[in-house]
Amino acid sequence: MENVDRFEASQSDEGRYRLLVDAITDYAIYMLDPTGLITSWNSGAQRFKGYEAYEIIGEHFSRFYTEEEKAAGIPQLALKVAAEEGRFEREGWRVRKDGTRFWAHVVIDPIRQPSGKLVGYAKITRDLTERRAAEEALRQSERQFRLLVQGVTDYAIYMLDREGRISNWNAGAQRIKGYLPDEVIGEHFSKFYTDEDREAGIPFTGLETAAREGRWEKEGWRVRKDGSRFWAHVIIDAIRDDSGEVIGFAKVTRDITERMQAQRALDAAREALFQSQKMDAIGQLTGGIAHDFNNLLMAVLGSLELVRKRLPYDPRITPLLDNAMQGAQRGATLTQRMLAFARRQELKLEAVDLASLVRGMMAFLQRTIGPTIEIEARFSASLPRAHTDPNQLETALLNLVVNARDAMPEGGTIRISARHETIGSTSLPLREGEYVCLQVADTGEGMDKETLQRATEPFFTTKGVGKGTGLGLPMVHGLAAQSGGRLDIHSRKGEGTTIELWLPIAPADQVAAGPSSEPAVAPGPDVQPLEILVVDDDGLVLMNTAAMLEDLGHVVLQATSGRQALEEFERHPDIDLVITDQAMPHMTGLQLIEAMRSVRPDLPVIVATGYAEMPPLPGPALPRLAKPFSQEDLARSVTAVVEANSATRRERD
């Protein structure tokens, strides 16, 4: 009978409505009378509020509210708003039968008769606890992400809209770029680019590439608020919606100026090391060639000098001999420059007053370069003295001035100046200490980068054929290095050239003593014949030296090696003098001298060499005779050594 009644009820509209409402379990749908008492209850209300129908019908709906909301009168307010405005809708916490809370979305609609009389309310409640938890988790995640982004100070992280306008700004962006958020949000990001990059369209290229490929990455100069520049690593990523449309961009910028500078310093150090190794290798080759060439010139010059001396004047022969000797002497000058570059020339280091040296050369330099070029010299009165060879420095200065002249075919100005500098321990490649920097600057054509890199290479020249040997600057470079300094060249095409010759200041004892001035010893007219042992592994040099000595009236013994010289010494222990080459195989000249002096400590010796560097021996410095030498140089050296030895003997006696 009950089933029949239920079926019949279901056939009416009201019955069908009741069945529909009761079947809904995801919503609590129930009726309230005008005072808020519950008059109906569906299965959805029972499921997530926990009350059976008999437990709740007739109760006031405010029992589902929290104590805080009941105290605030929210239930009464809800009915009032629904009655007056036709609807009340809100989300908030509600309380189940077991006391637990859930987050509810509530809608209350008034129910009125056709006459408009209020007869109750329809109330629909939905449990949104899970959705709210998900939304809260999302908000928490977004909040944490914002805190994370805002807390990053080493990276500028910010968003752009599709047109490139800035939509947010983190602390790193503020620190790196200098703008506060309210100064930059809404501005176009291209304001951080240089004028050159903006004109080239780089900002828009970045956005287009990111939109097309998803990412754009590049390094370049960027501009801070104060106008200063920094080297930046930039990444722009496209941000897309669910349909794949670009809705903006994420931009990350890092200031890598220090890293870039460190990399450039490393590259410069590597290049300097490469150049140093290359120049050392060239120097070794050049020095070896110069040494061998010196020996050849020694034979040529000595033989020509003896022939010129022994032949009577003949207008058909004598000029040819003179011409040959001049050519050989020019070759000797060339080898000296090669040895200077290779740092193997013999230097006589003294305390040099640069101001006095330059003033003493001014008239000569002006005559050399001609009237179209003006020379200016400026020196401080307190400039300390430099430690170098004054004669070689004069030659170096002449080379620099001539080079400056050749760079100014239409005339100009050469400025020679010097300054005192103190170099710290980190100022490589110069060692720590005090230096005098001699500067020669011109207003000429200048050099391009390629020419500047090769300027100190031997035989490299930009002058025409026959107008330069390419050894001027290498010689100056060698002088600076051998003196304990360095050569710096600063030049740009069309802006002239400045060459700096860094020389260490002279030690205090040399400055106090002043420059050395050894008087030249000329051979006397009545030369006492001596028995001289000449040692050289080059047969041409040996024969030439012996011939010049014999021409001077001496008795000459010859040896082509250290071992042969020792054998001669055993047979002739009372010889008056030994003249030996230094660079010989198996036994060097110094080793030979040491062996001989172990037998005869007072044996007079002369080292004939083109090299400057020789290991020291105990006792006074050994007399040297620079190759190639003339007969006059040889005679002067022999006389000086013999007289010095005689004076030493007299003092002992």
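The largest cavity is lined by V534, V535, D536, V541, T545, I579, T580, D581, A608, K627 and F629. The model is a predicted one.

**Cavity**

- The structure contains 1 cavity of 30 Å³ or more, and the volume of the largest cavity is about 50 Å³.
- The greatest contribution to the lining comes from β18, which supplies 3 residues.
- By class, the lining of the largest cavity comprises 6 nonpolar, 2 polar and 3 charged residues.

**Helices α14 and α15**

- Helix α14 spans residues 354-369 and helix α15 spans residues 390-406; their axes come within 10 Å and cross at roughly 40°.
- Angles under 35 degrees would count as roughly parallel, and α14 and α15 are therefore oblique to each other.
- The crossing of α14 and α15 is right-handed.
- On the α14 side, the contact is made by L354, L357, V358, M361, F364, L365, T368 and I369.
- On the α15 side, the contact is made by P390, L393, E394, L397, L398, V401, V402 and R405.
- The contact of α14 with α15 consists of 13 nonpolar residues, 1 polar residue and 2 charged residues.

**Helices α20 and α21**

- Helix α20 (residues 562-571) packs against helix α21 (residues 589-597) at an angle of about 25°, and their axes are 10 Å apart.
- Because an angle under 35 degrees counts as roughly parallel, α20 and α21 are described as roughly parallel to each other.
- The crossing of α20 and α21 is right-handed.
- In this pair, G562, A565, L566 and F569 of α20 meet L592, A595 and M596 of α21.
- The contact of α20 with α21 includes 6 nonpolar residues and 1 polar residue, with no charged residues.

Technical notes. Residues are numbered from 1 along each chain as its sequence is written. This is a predicted model: local features need pLDDT of at least 70, side-chain atom pairs count only at pLDDT 80 or more; totals for chains, interfaces and linings use all residues. Side-chain values use heavy atoms; hydrogens and water are left out. Axes are lines fitted to C-alpha atoms, for helices over the stretch in contact, and angles run from 0 to 180 degrees between N-to-C directions. Helices (H or I, at least four residues) and strands (E, at least two) are DSSP runs, numbered from the N terminus. Angles under 35 degrees count as roughly parallel, over 145 as roughly antiparallel, 65 to 115 as roughly perpendicular and the rest as oblique. A crossing is left-handed if the near helix is turned anticlockwise from the far one by less than a right angle, and right-handed if clockwise. Contact means heavy atoms within 4.5 Å. Ala, Val, Leu, Ile, Met, Phe, Trp, Tyr, Cys and Pro count as nonpolar, Asp, Glu, Lys and Arg as charged, and the others, Gly among them, as polar. On a 1 Å grid over the protein atoms alone, a cavity is a set of points where a 1.4 Å probe fits but cannot get out, and a pocket is an open set with protein on both sides within 12 Å along at least five of seven lines; lining residues have an atom within 4 Å of a point. Grid points are joined across faces, edges and corners, and a volume is the space filled by probe spheres set on the points.
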